[in-house]
Amino acid sequence: MVSTAGANTPAFLDACRGLPTSVTPVWFMRQAGRYMPEYRRIRKRNTLLQICAQPELATEVTLQPVKQFNVDAAILFADILLPLVPMGLELEFVKGDGPRFHNPIRNAADVAALRPVDPNEQLGHVLEAIRLIKKELGHATPLIGFAGAPFTLASYVIEGGPSRQFLKTKQMMFGQPDVFNTLLEKLTRVVSDYVLAQVDAGVDVIQIFDSWVGCLSPGDYSRFVHSHSRRIFDTIQR
């Protein structure tokens, strides 16, 4: 999703809309700035979740590569798993292992226990970071907001963390399709509200990450997942 075009829009936004640009667009993944001494100094004193919870720090980390490399757009420092915490899931980033959920979703009762999320209340720190970043960037440099797609989020909470085979996810998808569908419905609602709140806070572009959807066949994606992801895009095209 890209914000409405105006006169003399930045080249990045033109590229997102498929319009002609004076250069060939190239995307570099920066991996949270791990290579930058400025970022490493902050990480020595704060966990990833602590940075995300402090709008001033999230703003500083977001702006570091913009200031150093004069890139065409900034991407919000956050994590796709943040909306899962107010839903009632206990998230920890384990050093050398990645994200872990201490209360993974395995059955209908677990799905029923998931709480609705008001992003303005429970994710207000992310929205405040967006407002601070936009104040610093002005109109010259667009800001990319993002969220995780329902399937990728579901795979994390069902597996309890990263996976290569996604066996528990597929067991639920095929063995408990009603439970799986209800989980994706809840995640779709949360993600839709979250990205709309990001747009209201000032992001210029929304990117939806479906990092693990490649583990599904096209047929399984169409049967179990597509309608949920489609609903998010339909919601934000307002």
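Predicted model: local features only at pLDDT ≥ 70, side-chain atom pairs only at ≥ 80, totals over all residues.
Residues are numbered from 1 along each chain as its sequence is written, and side-chain values use heavy atoms, with hydrogens and water left out.

**Stop 1: Y39 and F77**

Let's begin with aromatic rings. Rings of Phe, Tyr and Trp (for Trp, its six-membered ring) pair if their centres lie within 6.5 Å; planes under 30 degrees apart count as stacked, over 60 as edge-to-face and the rest as tilted. By this rule there are 6 aromatic pairs. Select Y39 and F77: the ring centres are 6.0 Å apart and the planes stand at 55 degrees, so this pair is tilted.

Now colour by secondary structure. Helices (H or I, at least four residues) and strands (E, at least two) are DSSP runs, numbered from the N terminus. Y39 sits in helix α2 (residues 37-45) and F77 in the loop between β1 (74-75) and β2 (91-94), so the pair ties together parts that are 38 residues apart in sequence. Are these two residues buried or exposed? Both Y39 and F77 are buried. Here, buried means under 20% relative accessible area, exposed over 50%, and partly exposed in between (1.4 Å probe, protein chains only).

**Stop 2: F166 and W212**

Next, select F166 and W212. They form a tilted aromatic pair, with 6.0 Å from centre to centre and 45 degrees between the planes. This pair links distant parts of the chain: F166 is in the loop between α8 (150-159) and α9 (167-175), while W212 is in the loop between β5 (205-209) and α11 (218-224), 46 residues apart.

F166 has a relative accessible area of 5%, so it is buried. W212, at 30% relative accessibility, counts as partly exposed.

Most residues other than glycine have a negative phi. F166 has a positive phi of about 55 degrees although it is not a glycine.

**Stop 3: helices α8 and α9**

Two packed helices are described by the angle between their axes and the distance between the axes. Axes are lines fitted to C-alpha atoms, for helices over the stretch in contact, and angles run from 0 to 180 degrees between N-to-C directions. The axes of α8 and α9 come within 8 Å and cross at roughly 110 degrees. The two helices are therefore roughly perpendicular (under 35 degrees counts as roughly parallel, over 145 as roughly antiparallel, 65 to 115 as roughly perpendicular and the rest as oblique).

Which residues of α8 and α9 meet? F151, S155, I158 and E159 in α8 meet L167, K168, T169 and M172 in α9, where contact means heavy atoms within 4.5 Å.

**Stop 4**

Finally, select F69, which lies in helix α4 (residues 55-69). F69 touches Y35 and M36, leaving aside residues up to four places away in sequence. At 44% relative accessibility, F69 is partly exposed. N70 lies in the loop between α4 and β1, and at 65% relative accessibility it counts as exposed. The phi of N70 is near 55 degrees, a positive value in a residue other than glycine.
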